Amino acid sequence: MARTKIYVPRETAAVSVGADEVALAIAQTAKKTATDIELIRNGSWGATWLEPLVEVEVDGTRIAYGNVGADDVAGMFEAGLINGGEHERRLGPIDEIPWLINQDRWTFWRCGLINPLSIEDFELHQGFKALEKAFADGAEAVLETVADSGLRGRGGAGFPTGIKWRTVADAPGDQKYIACNADEGDSGTFSDRILMEGDPFGLIESMAIAGLAVGASKGYIYLRSEYPLTHSILSRAIASARDAGWLGNNIKDSGFDFDIELHLGAGSYVCGEETAMLESLEGKKGLVRTKPPLPAISGLFGAPTVVNNVVTLASVANIINLGGERYAAMGVDRSKGTLAFQLAGNIKRGGLVEKSFGVTLRELIEDWGGGTASGRPVKAVQVGGPLGAYIPVEQLDTPMDYEAFIEIGAMIGHGGIVVFDDTADMARLARFAMEFCAIESCGKCTPCRIGSTRGVEIIDKMIGDDNKGDQYDLLVDLCDTMEDASLCAMGGMTPYPVRSVLKYFAEDFASFKES
Amino acid sequence: MANMTRTTISEIIAEFDTRPEMLVQILQRIVSRCGWVPPETIRQLADELNLSRADVHGVVEYYHDFRTEEPGEHIVKICQAEACQAMGSRKLTEHATRTLAMSLHDTANDVTLEPVYCLGNCACSPAVMIDGKTYGRVDEARFDALLDAMRGSD
């Protein structure tokens with residue numbers, strides 16, 4: 001009898017709730033019961049609420065078991081796990097779980113499916129096909145296809161990727177760079193991490209395609225230090241790709257040279273801002289640069305540089321494989337394609353949902369998310385990280401679309417959706433927005449460095465009922481100054497969550513109690 | 001955790017080909033080995049990388065990861081960011097400071113307690129990191145059990 005494949009994710013969220021212990025228990029129980037198994041540590045499908053999610057392959061079908069604990073394993077073996085036996089943890093075939101199959105998986109389709117560290121498995125699943133196509137079609141065709149796709153930067157700014165790549169390709173210079181921003185610091189976001197842990201070769205392939213398109217022979221990945229497991233997976237994948245000849249000089253006899261260097265951040269939020277990230281990659285303090293010049297003209301070490309987020313880059317391989325038009329056919333208006341929405345905070349079914357633009361916030365929170373984890377009513381939703389506005393329930397029918405969000409004074413950002421129930425103290429969250437800015441400001445510009453500290457003080461006075469009317473005007477005035485005069489989004493957008501609290505949740509200022 | 005010898009630091013610098021632009025990476029490696037950046041390393045880094053001491057000092061001071069005080073044997077970080085706040089991280093932090101009888105940023109009894117702003121585990125909030133490993137869905141009872149396990153591993 002062939003060995004039975006059992007999958008247990010090695011992914012930060014799954015491991016954080018016991019996946020390693022489950023894997024160990026499975027290996028030990030299999031040994032004790034003389035069951036011949038092959039234990040595969042896959043990535044996560046993104047259904048974080050079901051983690052640890054164990055799958056067993058029976059006649060080519062993967063049967064899923066959800067929320068498995070190490071103490072469930074013996075019972076699962078007794079119930080015939082090897083044949084997909086009935087058990088209270090059994091969910092059925094993975095490809096019949098509505099939460100997963102109703103998504104539009106374009107960028108994350110290999111996450112969960114494959115062994116992330118097996119280059120053979122990657123190649124069995126379309127791996128490096130897009131890079132081979134790019135070799136055959138040439139740089140100009142790649143640039144056109146990416147432009148046709150309408151892909152926009154998934155890091156938060158939403159800048160058209162095709163235009164950025166074209167700018168770098170056209171910029172003069174012998175040395176150009178691809179800088180992948182993996183400094184995923186926004187609270188409520190983890191899509192970069194799930195991608196890098198579940199499909200690291202996918203990112204490597206797409207970075208090489210970007211290098212080919214713009215004429216860059218070197219790529220950097222700037223990974224935040226809060227992701228140690230990601231670092232281990234990614235560095236092993238880069239080494240394997242190099243060993244297999246997919247990175248390095250004259251890749252697969254194409255005449256194209258490309259290699260990747262992995263850098264770790266050091267706990268600075270603002271290093272997720274593209275120019276601060278470039279400074280950090282150069283070994284310096286993460287101080288924001290003034291723009292212009294744009295990094296596309298003068299970026300890393302002064303050379304033309306493509307700075308793209310992980311998900312932006314990873315979306316490219318399938319765009320090359322399937323065509324730009326096919327990607328552009330998904331989504332709405334100027335928000336083409338899909339976004340990996342991340343359901344986080346007080347949510348019953350949290351995780352990653354890759355869906356075409358146009359899905360509403362309510363559909364994501366209620367249909368996928370199942371409402372709050374606490375079972376209490378939703379009070380506010382913060383979309384797009386700590387610089388995003390707090391959205392009240394009346395606006396939950398807003399479609400996920402860059403422009404529709406700008407219209408309501410909010411932003412989609414990197415697609416993080418943090419849900420708060422009715423116990424949330426919004427005055428305290430407004431204060432936190434300013435406090436976080438004070439802690440993380442790079443200090444280069446005054447509105448951000450000083451304004452954030454003054455913001456905390458003003459909000460404290462408002463909370464303490466100290467001359468509330470005057471303080472309100474002062475806070476609005478401070479928000480104007482920070483928005484108009486800060487160098488980057490850190491100071492420039494910290495006012496967004498603050499203003500949204502003033503606008504929709506002003507009554508919370510009366511109820512604040514300092515603990 | 002201890003101070004590092006000059007030889008060890010030279011070895012780390014050599015691992016990064018003595019490239020000055022690798023300063024952040026070199027410091028990250030030093031911290032991963034000994035938990036902090038001992039003050040005497042700054043001069044050595046400046047000398048060997050041909051940077052000014054002010055440059056090196058500035059980088060050390062800038063990044064949260066580069067502690068300038070020696071931490072305890074165990075480092076406990078509790079996420080303070082919005083998603084974890086939505087699931088009670090403020091209460092968990094109060095519980096931790098009460099149980100450990102210390103404030104955030106303090107070191108006592110071989111434990112350093114630090115805030116962290118997002119571990120990327122926001123669908124399993126609240127999240128904590130203990131000695132470099134991330135844990136999710138941490139309520140007060142689980143936090144106590146994790147601390148017991150941490151101490152038991154000594």
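## Strands β3 and β4 of chain A

Strand β3 (residues 54–58) of chain A runs antiparallel to strand β4 (residues 61–65) of chain A, and five bridges join them. Pairing here requires at least two bridges found by DSSP. Strands are DSSP runs (E, at least two residues), as are helices (H or I, at least four), numbered from the N terminus. A:E57 stands opposite A:R62 in β4(A).

This is a predicted model: local features need pLDDT of at least 70, side-chain atom pairs count only at pLDDT 80 or more, and totals for chains, interfaces and linings use all residues. Residues are numbered from 1 along each chain as its sequence is written, while chains are lettered from A and ligands numbered from 1 in the order in which they are written.

## The sheet

In chain A, five strands form an open, mixed sheet in the order β2-β1-β3-β4-β5. β2 (37–40) and β5 (90–93) of chain A are at the edges; each has a single partner strand, so one side of each lacks a neighbour in the sheet. The twist averages 25° from one strand to the next (angles run from 0 to 180 degrees between N-to-C directions, with axes fitted to C-alpha atoms, for helices over the stretch in contact).

## Two packed helices

Helix α6 (residues 129–137) of chain A packs with helix α10 (residues 200–214) of chain A at about 15°, their axes 9 Å apart. α6(A) and α10(A) are therefore roughly parallel (angles under 35 degrees count as such).

## Domains of chain B

Chain B has domain 1 (6–62) and domain 2 (74–152), with bounds from an automatic or database domain assignment. Their centres, taken over C-alpha atoms, are 29 Å apart.

Methods
Angles under 35 degrees count as roughly parallel, over 145 as roughly antiparallel, 65 to 115 as roughly perpendicular and the rest as oblique.
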